[in-house]
Amino acid sequence: MTSRETLIHDLGPVRFKSLTMSNFLSYRSATLDFSDLTALIGPNGSGKSNAISAMKLLRDIALHGLPVALSRRGGYDQLRHRSTGRPYEPGLRIEFTVAGGHPCFYELRLSSLKGKRYEVKEERGSVLVGSRELKFQHAKGVFSAEEVSTLPEPIERMDRTIHIPQGQSILSLQPSFGVSIVSAVLQSMQVLEINPTRAAELQDPSPVSEFEPDGSNIASIVENFDQHERAQLAQLLAAVVPGIARIEVRHLADKVTVVFVQNTGKANREFFAKQMSDGTLRVFGILVAILQSPRPTILLIEEPEVAIHLGALQTLVEILRGEVDDIQIVITTHSADIVDSVDLDDLRVVWVTDGVSQISKVAEHARGPIIDGLITPGALLRADALDPSL
Ligand SMILES: Nc1ncnc2c1ncn2[C@@H]1O[C@H](COP(=O)(O)OP(=O)(O)OP(=O)(O)O)[C@@H](O)[C@H]1O
Ligand SMILES: [Mg+2]
């Protein structure tokens, strides 16, 4: 295990509670609460992907540092919220628990400098590990950390002040143990962006053990699966794509590819990933993502319904709900069938008023008829009648 994986392992179960976005992309101020399987629904351009972007940005900051993470998104200026009036200063706050309920948070606020540049206005956080509360704060280049024992006696305090370079986040610099924990937690999130073409091509054997979210090292990841995991992978894939009997990995000269053994009626036939359909490869990517080890703590999947047979969507949701107790899942979806397969309390409706995105649970006036079985959430989605402002 890498040191990051050890840190996550030692923390015990991590559970994401909420993400608050302030002046971030289409959001002025909104909080997304997470459940085990959270489904974001709402019209095109309402802000579903923007919320996923916020999670991805936090991960990228922890992995690559703030300047790189921002430039990969098109720069600081692009992520400030714009509606009426001047652009505002963006901020993100994430709350999670570790070890069965200890509350933790991390918050980042940026502010504008001349010439579309930015500085870190403030970063703050706190993690509760055992009886130790590790708090930290960074404002305009000055970092300080404090460790407080939550036991009545003795109360220890440890203060230290460190200078942080301009424009950097402490998440990648990790000046204290508390920050290292938060950084590891954020790095353990994964945003899945399966690209069937990348998953299908003959791949270079990958030295990294982490699954690339576009599927570009999927063959090497599956090669590291043990017999049991490969059998489980084939079984789950067969539930969605009938006839899949076995999954193998084949080396061809210096390349590697996944081989699907499919029952075609009379005999088993082998197909290289290149010959498989886009939909199959997308489902396969989702399954590898949930079976990979170490597991991500939270997996975010945009529109899992793309290229998947309508009749198979319910099965896919059942897999996401049933097979993966240890990973939280967040999806965005336009599929009425998926919406009908998800718990009512797990739906988050995203909508826009005056250029500002809002997030809420399904409105009270819609819940009654749904609970009484008069209408399904999917039917309300089709009728565009889930928007709580209606
Ligand atoms: N900096 C910004 N300030 C304000 N609004 C923004 C900003 N950046 C993007 N937006 C708005 O966010 C919209 C895109 O939102 P997003 O990609 O989250 O939509 P979505 O709900 O995922 O839609 P779809 O279902 O089509 O994928 C843009 O159309 C734009 O209106
Ligand atoms: Mg989107």
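Searching the whole structure turns up 3 aromatic pairs, where rings of Phe, Tyr and Trp (its six-membered ring) pair if their centres lie within 6.5 Å, with planes under 30 degrees apart counted as stacked, over 60 as edge-to-face and the rest as tilted. The model is predicted, so local features need pLDDT of at least 70 and side-chain atom pairs count only at pLDDT 80 or more, while totals for chains, interfaces and linings use all residues. Residues are numbered from 1 along each chain as its sequence is written, chains are lettered from A and ligands numbered from 1 in the order in which they are written, and side-chain values use heavy atoms, leaving out hydrogens and water.

One of the aromatic pairs is made by tyrosine 76 and tyrosine 118; with ring centres 5.5 Å apart and planes at 35°, the pair is tilted. Helices here are DSSP runs of H or I with at least four residues, strands are runs of E with at least two, and both are numbered from the N terminus. Tyrosine 76 is buried at a relative accessible area of 4%, and tyrosine 118 is buried at 13%; buried means under 20% relative accessible area, exposed over 50% and partly exposed in between (1.4 Å probe, protein chains only).

Phenylalanine 260 and phenylalanine 284 form an edge-to-face pair, because their ring centres are 4.8 Å apart and their planes sit at 70°. Phenylalanine 260 belongs to strand β12 (residues 255–263) and phenylalanine 284 to helix α10 (residues 278–291), so the pair ties together parts that are 24 residues apart in sequence. Both phenylalanine 260 and phenylalanine 284 are buried.

Rings also meet charges. The charged end of arginine 28 sits over the ring of tyrosine 88, 4.3 Å from its centre, and that of arginine 93 sits over the ring of phenylalanine 105 at 4.2 Å from the centre. To count, NZ of Lys or CZ of Arg has to be within 6 Å of the ring centre and within 35 degrees of the ring normal.

Arginine 93 leads on to the strands, as its bridge partner in β5 is glutamate 107. Strand β4 (residues 91–98) and strand β5 (residues 102–112) run antiparallel and are joined by 8 bridges; two strands pair if DSSP finds at least two bridges between them. The β4 and β5 hairpin has 3 residues between the strands, and alanine 99 there takes a positive phi near 45°.

Next along, β5 and β6 pair in the antiparallel sense over 8 bridges. In β6, arginine 109 has glutamate 122 as its bridge partner, and serine 111 stands opposite glutamate 119. There are 5 residues between β5 and β6 in their hairpin, and glycine 115 in the turn has a positive phi of about 70°. With 9 of its 12 residues buried, β6 is largely enclosed by the rest of the structure.

β6 is joined in turn to strand β7 (residues 132–139) by 7 bridges, the two running antiparallel. Arginine 124 stands opposite glutamine 137 in β7. The β6 and β7 hairpin has 2 residues between the strands, with glycine 130 in the turn at a positive phi of about 60°.

Helix α6 (residues 177–187) is also largely enclosed by the rest of the structure, because 10 of its 11 residues are buried. Among them are Val179, Ile181, Val182 and Leu186.

On a 1 Å grid over the protein atoms alone, a cavity is a set of points where a 1.4 Å probe fits but cannot get out, a pocket is an open set with protein on both sides within 12 Å along at least five of seven lines, and lining residues have an atom within 4 Å of a point. The largest cavity holds about 60 Å³ of space, and its lining includes Phe24, Leu57, Pro90 and Leu108. By class, this lining has 10 nonpolar, 1 polar and no charged residues, where Ala, Val, Leu, Ile, Met, Phe, Trp, Tyr, Cys and Pro count as nonpolar, Asp, Glu, Lys and Arg as charged, and the others, Gly among them, as polar.

The largest pocket has a volume of about 650 Å³, a volume being the space filled by probe spheres set on grid points joined across faces, edges and corners. Its lining has 9 nonpolar, 14 polar and 9 charged residues, and α1 gives the most to that lining, with 4 residues.
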